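Open the model in your viewer and keep the selection panel at hand. The stops below go from the core to the chain pair and then to single elements.

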There are 2 protein chains.
Amino acid sequence: MSGGPGTASAAGSARGTAADDANERAVARLTGSRPVLETVARAGDVVRGLTDRTILVSGPPMAWDRYTGGQRRAIIGGALYEGLAGDEAEAEALLADGFLTVRPSHDHATVGSLTGVCTASMPVLVVHDQASGRRAFCRMNEGADRASLTFGVWDDGVEARLRHVSDIVSPALAEVLERMGGLAVGPIVRRALTMGDDLHSRHKAAGALFRAEVLDAVLDLSRQGVTRRYRALAGYLRSAEYLFLHIVMAAAKAAADSASHLAGSSLVTAMNLNEKEFGLRVSGLGDRWLTAPLPPVATLRGRLYDGWSTDDLAYVGGESLITETIGLGGMAAAAAMPLQDHSAGSPPEMLRTTERMYRITLREHPDYRIPALAYRGVPCGIDVRRVAETGVVPAIHLGATLRDGGHAGAVLFRPPLEPFERAVELLSNEPTLTPARPGDPL
Amino acid sequence: MSGGPGTASAAGSARGTAADDANERAVARLTGSRPVLETVARAGDVVRGLTDRTILVSGPPMAWDRYTGGQRRAIIGGALYEGLAGDEAEAEALLADGFLTVRPSHDHATVGSLTGVCTASMPVLVVHDQASGRRAFCRMNEGADRASLTFGVWDDGVEARLRHVSDIVSPALAEVLERMGGLAVGPIVRRALTMGDDLHSRHKAAGALFRAEVLDAVLDLSRQGVTRRYRALAGYLRSAEYLFLHIVMAAAKAAADSASHLAGSSLVTAMNLNEKEFGLRVSGLGDRWLTAPLPPVATLRGRLYDGWSTDDLAYVGGESLITETIGLGGMAAAAAMPLQDHSAGSPPEMLRTTERMYRITLREHPDYRIPALAYRGVPCGIDVRRVAETGVVPAIHLGATLRDGGHAGAVLFRPPLEPFERAVELLSNEPTLTPARPGDPL
């Protein structure tokens with residue numbers, strides 16, 4: 001089942017063959033990635049181009065005045081957290097006149113969950129792809145509270161939790177990871193897929209496996225006594241259910257970057273959203289974003305907390321769908337039967353969701369496999385040509401955010417088809433152009 | 001779906017109605033059990049009737065001279081471990097003349113994995129059913145090595161590992177558990193069933209969850225420094241994959257005992273095997289064992305290590321099938337797709353296996369649920385009348401043992417039908433006799 005697109009359409013066309021070759025190389029980089037979680041570091045120290053006045057956000061680039069909801073609140077919160085402004089009004093002014101710069105995470109080898117706000121002093125998880133040499137980053141998870149900068153809330157509680165994670169938890173985790181010599185991400189993903197996780201909306205198995213490994217290492221470090229910050233780390237690990245999502249996001253970003261900028265390749269290298277638009281990047285089109293307006297939140301289906309309905313939701317951005325880029329999340333719905341309601345489907349429907357994804361992907365992942373499909377590999381490497389031909393869009397598991405901020409549950413998100421179609425057109429117009437390549441790996 | 005057997009067969013018969021009532025009470029005790037792992041203790045200190053010259057084993061009672069294989073080796077090993085004999089010949093002689101007594105575990109509120117050998121100085125896991133007040137026991141798991149007393153091997157390595165677990169690991173675990181105030185078993189079972197475990201042949205999720213909880217508590221205990229025995233405990237937890245099986249076995253035994261000795265009830269309260277025979281107990285028949293010869297090992301199907309075939313296997317006893325008594329293991333095959341080869345079936349076959357088990361059980365468990373079956377409760381409470389009527393025997397996931405001892409893999413075991421049929425006859429002959437009741441709960 002591995003290999004390029006259908007031989008019938010590829011036959012007799014030099015362009016088609018070149019594209020197949022490019023896709024073959026691109027998807028081999030996705031599946032060959034060997035991500036290692038190295039450490040947690042101050043973002044400004046490791047993320048290239050992240051100045052003290054830069055605020056990273058999720059989504060394709062958008063003018064400041066178009067941010068009106070949760071992502072705007074989080075950007076302002078980030079400015080205040082960083083001490084760049086004394087109050088919200090000053091932050092607004094500095095953002096409006098460009099003294100503070102809002103930048104898309106993806107251009108900085110970074111991905112962000114939901115609002116995706118990350119500033120220089122915040123801690124990021126550092127994942128190194130040992131196959132490509134690339135590093136990618138994702139901000140440390142804020143913990144279990146539903147009110148968070150991630151979910152578009154800024155208040156004293158959010159700030160206090162951010163500082164706790166930044167000042168106490170992250171240095172402790174960094175020390176443990178460095179002592180461990182880093183932690184291989186792939187084996188945990190592989191095992192978690194056999195334990196009911198999709199690695200996007202559900203991380204219960206990966207989280208338990210990660211927690212046990214880290215606590216074991218903490219014990220090893222603590223022969224002379226367990227310090228307060230290690231106990232704080234243990235407390236954090238008890239409840240930070242989506243920490244491993246952020247690790248997988250960074251791992252997926254490193255893999256996707258290694259597969260990007262291959263001339264002619266129709267492989268999807270990024271999907272994301274800001275408050276208003278869905279964004280798509282394709283390997284052969286380099287850093288170009290193809291965008292389209294987001295579907296109305298009323299069209300989302302899933303499982304929301306506390307009796308909320310989709311009317312209560314709003315988009316606040318999101319880049320956790322980088323996990324779908326490597327075959328996880330909604331692509332691997334069949335692995336995660338416990339998500340059957342969140343994922344808007346019964347068990348048979350979830351099996352069909354993943355089976356449908358094989359029609360739009362280039363390869364079955366050799367290591368990441370789904371027990372319920374007799375250990376078939378996850379559908380990996382979305383091909384915009386196949387999406388355009390079939391009309392089947394990627395199935396995406398997405399966290400849901402309340403209009404006023406806060407975690408509301410999980411939904412199945414179907415991106416608009418149009419950017420995929422446009423990507424195919426663009427590829428056919430300029431198939432031999434080698435896109436500009438970004439800087440060397442860090 | 002809850003309730004007694006089919007109304008058609010029950011209608012118009014006072015005996016039938018009384019039996020239904022008895023079954024209703026019996027299965028309510030199974031599903032209402034609230035097991036808590038309290039501690040690890042020296043068997044002789046907590047297991048009633050376990051004298052210094054008693055050796056507990058798995059299976060229905062059998063004369064000493066009929067033990068010829070792995071279970072015999074393990075019994076002799078137990079005698080030597082306990083210092084009851086200087087060498088094998090002396091142990092044989094003391095066993096032959098009855099100075100040393102071989103006793104069935106089940107009569108001592110204890111269950112044993114495979115050979116099931118347990119002597120007074122060995123550590124047992126102590127599980128307390130908070131609903132019934134009963135306690136039940138299972139020997140501490142020996143760890144990951146395939147050669148073990150459990151799997152019918154006795155040599156210096158086995159002895160050294162047993163002493164390490166007894167002298168260092170168990171006291172450390174006991175201290176942690178007591179400090180935690182015990183650990184509720186049910187919530188881990190419930191979660192693990194959503195994470196690919198059947199809680200008999202597969203415990204990867206339960207083990208990870210348990211390990212994380214225990215390590216967290218160890219950190220809390222270790223503010224002044226992590227001692228050697230805590231590091232030994234951490235090392236043990238890293239590899240003792242089937243520890244949680246032994247915990248679930250004790251939990252299931254406590255629940256089954258609380259449902260036993262109810263006049264007229266056709267609920268299965270124990271299934272086990274020794275080297276030669278399958279044994280069955282039914283609530284309304286009290287402590288009576290109904291036995292039948294074991295099927296030839298060549299008829300087993302499953303997944304064996306290292307190219308072994310079923311010809312290399314031998315029965316050495318086993319009581320881990322107490323987990324099937326409460327709806328886990330093969331009964332919950334549909335929850336554990338990663339066992340698809342061990343369980344001798346494809347994913348659809350595993351779904352059908354569990355679906356078939358609803359035909360012979362009294363209730364769907366209200367808490368233990370299977371995501372792949374849209375969260376239907378596991379089939380709980382095997383009714384010998386339904387087994388006899390349908391000819392469907394319980395599906396049992398069983399560890400496989402080499403003829404010369406050692407862990408060989410896992411298989412699907414189908415017990416003989418005849419003891420179930422005989423139980424129905426006996427129940428119809430003496431439905432109103434209240435069986436003798438064993439002693440009060442400890």
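A nonpolar core is a set of buried Ala, Val, Leu, Ile, Met, Phe, Trp, Tyr and Cys residues joined through side-chain atoms within 4.5 Å. Keep in mind throughout that this is a predicted model.

**The core**

Select A:Phe210, A:Leu233 and A:Phe244, then B:Phe210, B:Leu233 and B:Phe244: these have the most contacts inside the largest nonpolar core, which has 140 residues. Now colour chain A by domain. Domain 1 (7-34 + 260-429) and domain 2 (35-248) of chain A both give residues to this core, so the core lies between them. In soluble globular proteins, nonpolar side chains tend to be buried together.

Zoom in on B:Phe244. Which residues is B:Phe244 in contact with, leaving aside its neighbours within four places in sequence? They are B:Val185, B:Ile188, B:Val189, B:Leu199, B:His203, B:Ala206, B:Gly207 and B:Phe210.

**The two chains**

Show both chains as C-alpha traces. Chain B is superposed on chain A by a rotation of 180° with 0.0 Å of shift along the axis, at an RMSD of 0.0 Å. That is the relation of a two-fold axis. To find the axis, select B:Gly225, whose C-alpha comes closest to it among the residues of chain B, at 1.7 Å. Next, select the interface residues: 100% of those in chain B are also interface residues in chain A, so the copies meet through the same surface.

**Helix H5 of chain B**

Select residues 88-96 of chain B, which form helix H5. Its buried residues are B:Ala91, B:Leu94 and B:Leu95. They cover an arc of only 100° around the axis, which puts them on the same side of H5(B). B:Ala89 and B:Ala96, on the other side, are exposed.

**Helix H12 of chain B**

Move to residues 347-357 of chain B, helix H12, where B:Pro347, B:Met350, B:Thr353, B:Thr354 and B:Met357 are buried. Look down the helix axis: these residues fall within an arc of 115°, so they line one face of H12(B). They pack against strands S12 (361-370) and S13 (376-382) of chain B.

**The hairpin in chain A**

Finally, select strand S12 (residues 361-370) of chain A. Seven of its ten residues are buried, so S12(A) is largely enclosed by the rest of the structure. Five bridges join S12(A) to strand S13 (residues 376-382) of chain A, and the two run antiparallel. A:Arg363 stands opposite A:Cys380 in S13(A). The hairpin has five residues between the strands, and A:Ala374 takes a positive phi near 55° there.

Terms used: Residues numbered from 1 in each chain as written. Chains lettered and ligands numbered in written order. Predicted model: local features only at pLDDT ≥ 70, side-chain atom pairs only at ≥ 80, totals over all residues. Heavy atoms only, no water. Buried < 20%, exposed > 50% of the residue type's maximum accessible area, 1.4 Å probe, protein only. Helix = DSSP H or I, 4+ residues; strand = E, 2+ residues; numbered from the N terminus. Arc of directions from axis to C-beta. Contact = heavy atoms within 4.5 Å. Pairing = 2+ DSSP bridges. Least-squares fit on C-alpha atoms with pLDDT ≥ 70 in both. Domains from an automatic or database assignment.
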